[in-house]
Amino acid sequence: MHSQKPRIIIVTAPQHTGKSSLLARYIGLCREQKIPIAGILAEGLWRENRRSGFDLVDLSSGIRLPLAVRSAPHGLARIGFEFFPEGIKAGKKALAKARCNAATLIVVDEVGKLEVMDKGWAPHIPDLLGLPGKTHLWAVRESLVDAVAEKWQFSPHAVVDARKPDALAELTAACGLFTP
């Protein structure tokens with residue numbers, strides 16, 4: 001049986017510079033076109049001009065749950081994020097092969113350091129890549145694009161810089177799911 005390889009488009013930029021916002025805009029256009037979508041979007045939360053956390057949006061069900069909140073370990077200057085078990089569980093459910101099978105577009109926001117270390121959403125990626133003929137849209141930090149492509153042994157169909165003024169048009173053309 002012939003299986004069509006997935007088309008993988010990466011939306012990239014440095015940390016906190018608009019990857020998820022670009023994905024959300026594109027997802028909105030896809031919904032207008034009635035394109036079936038699955039996967040996850042990590043919408044950033046801001047407080048006092050600073051990233052305070054993330055909500056996870058299950059793109060097939062629309063369910064939104066807290067995913068992470070900014071935390072500072074006791075006595076340490078380094079600030080990280082504390083993840084909520086409910087958000088992780090919802091993300092795993094949203095990325096399950098059975099949930100994504102009927103979608104045309106599969107979104108993973110984001111594939112980052114944890115995934116490169118086989119953590120986070122990494123366990124779901126091989127199954128998703130095994131679904132024939134899907135378009136994948138992944139948010140990946142600029143510094144990790146090569147490591148992500150190497151880890152899952154693919155060459156991206158396109159890499160779109162979220163900071164570019166024409167990024168939405170470039171993303172729409174790269175995905176090729178509809179004509180604007």
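**A guided reading of the model**

In this predicted model, glutamate 110 lies in the loop between strand E6 (105-109) and helix H4 (113-116). The peptide bond that leads from aspartate 109 to glutamate 110 is cis, with omega near 10 degrees.

Aspartate 118, in the loop between H4 and helix H5 (125-129), is a residue other than glycine with a positive phi, near 65 degrees. Glutamate 48 also has a positive phi, of about 55 degrees, although it is not a glycine. Glutamate 48 is placed in the loop between E2 and E3, and this residue is exposed, with a relative accessible area of 74%.

The strands named so far belong to a sheet. Eight strands form an open sheet in the order E5-E4-E3-E2-E6-E7-E1-E8, and their pairing is mixed. At the edges are strand E5 (80-83) and strand E8 (158-161), each of which pairs on one side only. From one strand to the next, the twist averages 25 degrees. In general, the strands of a sheet pair through backbone hydrogen bonds, in either a parallel or an antiparallel manner. Strand E4 (residues 64-71) and E5 run antiparallel and are joined by four bridges. Within this pair, serine 71 stands opposite glycine 80 in E5.

The nonpolar interior may be considered next. In soluble globular proteins, nonpolar side chains tend to be buried together. Here the largest nonpolar core has 31 residues, and those with the most contacts inside it are Val111, Trp138, Val140, Val148, Trp152 and Phe154. Leaving aside residues up to four places away in sequence, valine 148 touches Val111, Val116, Trp138, Val140 and Phe154.

Which residues of helix H2 (residues 85-94) are buried? They are Gly87, Ala90, Gly91 and Ala94. Viewed down the axis of H2, these buried residues fall within an arc of 100 degrees, so they line one face of the helix. The cover over the buried residues of H2 includes strand E2 (37-47), strand E3 (50-58), E4 and helix H3 (97-100). The face of H2 turned away from its buried side carries the exposed residues Pro85, Lys89 and Lys93.

Key: Residues numbered from 1 in each chain as written. Predicted model: local features only at pLDDT ≥ 70, side-chain atom pairs only at ≥ 80, totals over all residues. Heavy atoms only, no water. Pairing = 2+ DSSP bridges. Helix = DSSP H or I, 4+ residues; strand = E, 2+ residues; numbered from the N terminus. Axes fitted to C-alpha atoms, helices over the stretch in contact; angles between N-to-C directions. Core = buried A, V, L, I, M, F, W, Y, C linked by side-chain atoms within 4.5 Å. Buried < 20%, exposed > 50% of the residue type's maximum accessible area, 1.4 Å probe, protein only. Contact = heavy atoms within 4.5 Å. Arc of directions from axis to C-beta.
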